[in-house]
Amino acid sequence: MTETNAPEQQAEWGARRAAPASAVGRRRPWRLALAILALAAAAAGAALYWTLGADGATRFMTRKVTRGPVTRKVTASGAINPVITVQIGSYVSGVIQARYCDYNTRVVKGQLCAKIDPRPYQIVVDQNKASLAVARAQLAKDKAGLAYARINYERSRRLSATKAVSPDVVDNAKSVYDQAQAQVGLDEAMVAQREAELRAAEINLGYTDIISPVDGTVVSRSVETGQTVAASFQTPTLFLIAEDLTAMQVDTNVSESDIGEVKLGDKASFTVESFPKRVFHGEVTQVRQSPQTIQNVVTYDAVISAPNRDGLLKPGMTATARITVDERKDVLRVADQAFRYAPGGLATLSASGEVPEGRARLWVLRDGRPQPVVVLPGLDDDAFTEIVEGEIRVGDEVIIGEEETAESPRPPARASSRR
């Protein structure tokens, strides 16, 4: 009997073993769906956590929208120089016999500053005077000979009319008379030449006096008593005179990327290292066209006026200048950091959409949550940007950054499914 029932028992046991396997197969789709929902919920929770600050765990740093000036400035460095600087040199060579001007000496036009030994040039003047005297004496002698030749020629012509002398005598007298006239003309030219040589020698003698051509102050000298001045190939500079130290100028080196914004009349301010807390003011009086290239960097000279009534500014001082190239007064403005901020969660969710060309997106904190606002920016001065258009007003809190607080909970862990 046992042998007869053995196949039936084995079939029953096989059915029992197969039943749990089919039940597991039917439950697997539900587990997969639950795992997908858990992952989606975790991702949404992470996005909301980072976007909304995890229920206050992330603190937004904000700056208020204000009204005020927005000023665009160009920064450049340069040197302070007198407006008019005169170089006094020497036209002649020689030994400095005396020096009458020194550093910081106030001089007037025509004042004697130095004296070159005049003796070599005085000798040349005396020689030319003597040569002129000889030429004038020769002229007087030849004029007397001309008078005699004229009388002799007229006498011979009268005698020839009466046949008292031959025509040859008349012709000879005429030739002597003509030669005497030519000699007088030659002597007069020689006298003029000697007079010109004398004047040139006297001018060179006058150049031995080194005088100031303007009223001003001696800012530099490069000569001393007993020094030999050689003016053979170029005029040596003996003194440097600033005409007016109460009116200075700053020669600034403006880069080629900024020179297009600089124009005549632009207001400027500058400081010098000697007086770091003192701000001097002026304006652009000249933008020179000549470029200066130093180590492949092209700059242009923008001249800034620098009134110096109190005498604090010295020639050669290094100045750091700021030229105001554009300005807006009493406009709606936002800190520049706000244009560089973008919350990652909102950007990932694409809640704000695309920004039209020429405009920018700001994030404003309203009701504790960041809201995107599209604005039209205007003038930028590297600290504030003018707002020309946009749904934003004074007092709005624009987000410039965010930071984690000490109580910030850890980000939610990513959900995972269990088999």
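**Close-up views of paired strands**

**View A. Ile 294 stands opposite Val 297 in E14.** The model shown is predicted. Strand E13 spans residues 275–294, and strand E14 covers residues 297–307. The two strands run antiparallel and are joined by seven bridges. Together E13 and E14 form a hairpin, with two residues between them. Gln 295 sits in the turn. Its phi is positive, at about 55°.

**View B. Strand E12 pairs with E13.** E12 holds residues 267–272. Five bridges link E12 to E13, and the two run antiparallel. Which residue of E13 is the bridge partner of Ser 269? The partner is His 281. A hairpin connects E12 to E13, here through two residues.

**View C. Four strands make an open sheet.** The order is E3-E10-E8-E5, with antiparallel pairing. Why is one side of E3 and of E5 left without a neighbour in the sheet? Strand E3 (85–89) and strand E5 (106–107) stand at the edges, and each has a single partner strand, so one side of each stays without a neighbour. Strands of a sheet pair through backbone hydrogen bonds, in either a parallel or an antiparallel sense.

**View D. E3 meets its partner strand E10.** E10 runs over residues 237–242. The pairing of E3 and E10 is antiparallel and extends over five bridges. Thr 85 stands opposite Ala 242 in E10.

Notes: Residues are numbered from 1 along each chain as its sequence is written. This is a predicted model: local features need pLDDT of at least 70, side-chain atom pairs count only at pLDDT 80 or more; totals for chains, interfaces and linings use all residues. Side-chain values use heavy atoms; hydrogens and water are left out. Two strands pair if DSSP finds at least two bridges between them.
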